[in-house]
Amino acid sequence: MAEISLTSANYEFVSKLLREQSGLILEPGKEYLVKSRLWPLAQRHGIASVDQLVDRLRSSGANSLATEVVEAMVTTETSFFRDVHPFETLRKIVLPQLIERRQLQRQLNIWCGASASGQEPYSVAILLHEYFPELAGWHINFSATDISQEMLTRSRAARYSQVEVSRGLPMPLLLKWFRQEAGLWQLEDRVRGAVCFSHLNLVRSWPTMPPWDLVLLRNVMIYFDNDVKSTILSRIARVIRADGYLVLGGAETTLNLNDSFTRAESLKSGFYQLKPSPQDLPLP
C-alpha cells in the first residue's frame, strides 16, 4: 500500500535523523517500526504517505516536523512498578538508607531521566507517600524529564486508562491514591504535585542540576550506541552524590562504558554507585 511504503533511502534518512537528534539507533530491518510510527503522524498532517512525510522532512525549515518524527519514534513502553524487584529494593533498602544519611539536611534529590507517560516517577512518589511518613516536612526535589512533549503533557495530567493501572499497580494502592473520572483513573493531587516534569534530550546539553541522591534511567540506554551511553554515564557521574544510587534496567550495565561506577551486587536489580575516590579508601 502506498501510504505505508518506505524507500530504503528514506529509511536511512530517518535513521540518521534519529541518531543525530536523540541518540536512538535504528538497526537494519526496522522499516516496519518506522512505518507504523510515522503513518499516524502523516495522517495528522494530511500527508498521503510515509514516503511523502519523509520527503517533506528533507525540505528546509522542517525543524518542527523533525521534532514530531523523533517524538513519534521514541519508545514509550512503561508501567507502574515495572519489574517489581527494583521498587522492592527501593522500599526496603535504598530509600531507608538515604533517609538515614540525610537526616541533617532533611532533603532528597531524585531524578527520573526518561519518564515516558509518568508511571515510573509516580511509582516512586507513591512509595514515598505510602511507606515513609517520616518525610513529612522534608524537601523532596523530584524531577522527571523526557524528550517527548506529548509524553510530558500526559505525565502532568496523571490520568490513566484501566489497562494502564492494571499493569503493575496493586489494587490497594490504586484505590487509595487514584479516583475514577470519566472512565479514567486520576492520580491524587498530593502525589501528582510531588513530581516536576520538564523537557530534556539526554544527548544534548544538560541544564545545571543539583547533586542527585537517586537517579533512575531504566530501560533507556539499550536504544543508544556505546559512545552515547558512555557520554550519558559520564554526565551522571558528575551530578550524582558520592553515596547516591543510579538505577538501570535489567539488560543495562556500566561495564566497559564508564569506570566511575560499580554495581551494588548485594542489591541486585540494577543498582549502581560511584566507586570510592582514592582518598576515601581505607589505608592498607
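Predicted model: local features only at pLDDT ≥ 70, side-chain atom pairs only at ≥ 80, totals over all residues.
Colleague: Let's start with charges. What makes D243 and R102 a salt bridge?

Modeller: The closest N and O atoms of D243 and R102 are 2.7 Å apart. A salt bridge needs a side-chain nitrogen of Lys or Arg within 4 Å of a carboxyl oxygen of Asp or Glu, so the pair D243 and R102 qualifies.

Colleague: And why do you say that this pair ties together parts that are apart in sequence?

Modeller: D243 lies in strand β8 (residues 240–248), while R102 is in the loop between α5 (85–101) and β1 (107–112), so the bridge links parts 141 residues apart in sequence.

Colleague: Which residues do salt bridges with shared partners join into one network?

Modeller: R102, D213, R241 and D243.

Colleague: What about E188 and R190: what makes them a salt bridge?

Modeller: The closest N and O atoms of E188 and R190 are 3.1 Å apart, which is within 4 Å, so this pair passes as well. E188 is partly exposed, at 25% relative accessibility. By this rule the count comes to 15 salt bridges.

Colleague: Now to R235. How do you know that R235 has no salt bridge?

Modeller: The nearest side chain of opposite charge, D225, is 12 Å away. The rule asks for a distance within 4 Å, so R235 has no such partner, although R235 is buried. R235 lies in helix α11 (residues 226–239).

Colleague: What does R235 touch, leaving aside residues up to four places away in sequence?

Modeller: R235 touches L202, V203, R204, S205 and W206.

Colleague: Finally, the largest pocket. How much space lies in it, and which residues are closest to its centre?

Modeller: The largest pocket holds about 410 Å³ of space. It is lined by 23 residues, with V74, T75, A114, D146 and V220 closest to the centre. By class, the lining has 11 nonpolar, 7 polar and 5 charged residues.

Methods:
Residues numbered from 1 in each chain as written. Heavy atoms only, no water. 1 Å grid on protein atoms, 1.4 Å probe; cavity = no way out; pocket = protein on both sides within 12 Å on 5 of 7 lines; lining within 4 Å. Points joined across faces, edges and corners; volume = space filled by probe spheres on them. Nonpolar A, V, L, I, M, F, W, Y, C, P; charged D, E, K, R; others polar. Helix = DSSP H or I, 4+ residues; strand = E, 2+ residues; numbered from the N terminus. Buried < 20%, exposed > 50% of the residue type's maximum accessible area, 1.4 Å probe, protein only. Lys, Arg positive; Asp, Glu negative; His and termini not counted. Contact = heavy atoms within 4.5 Å.
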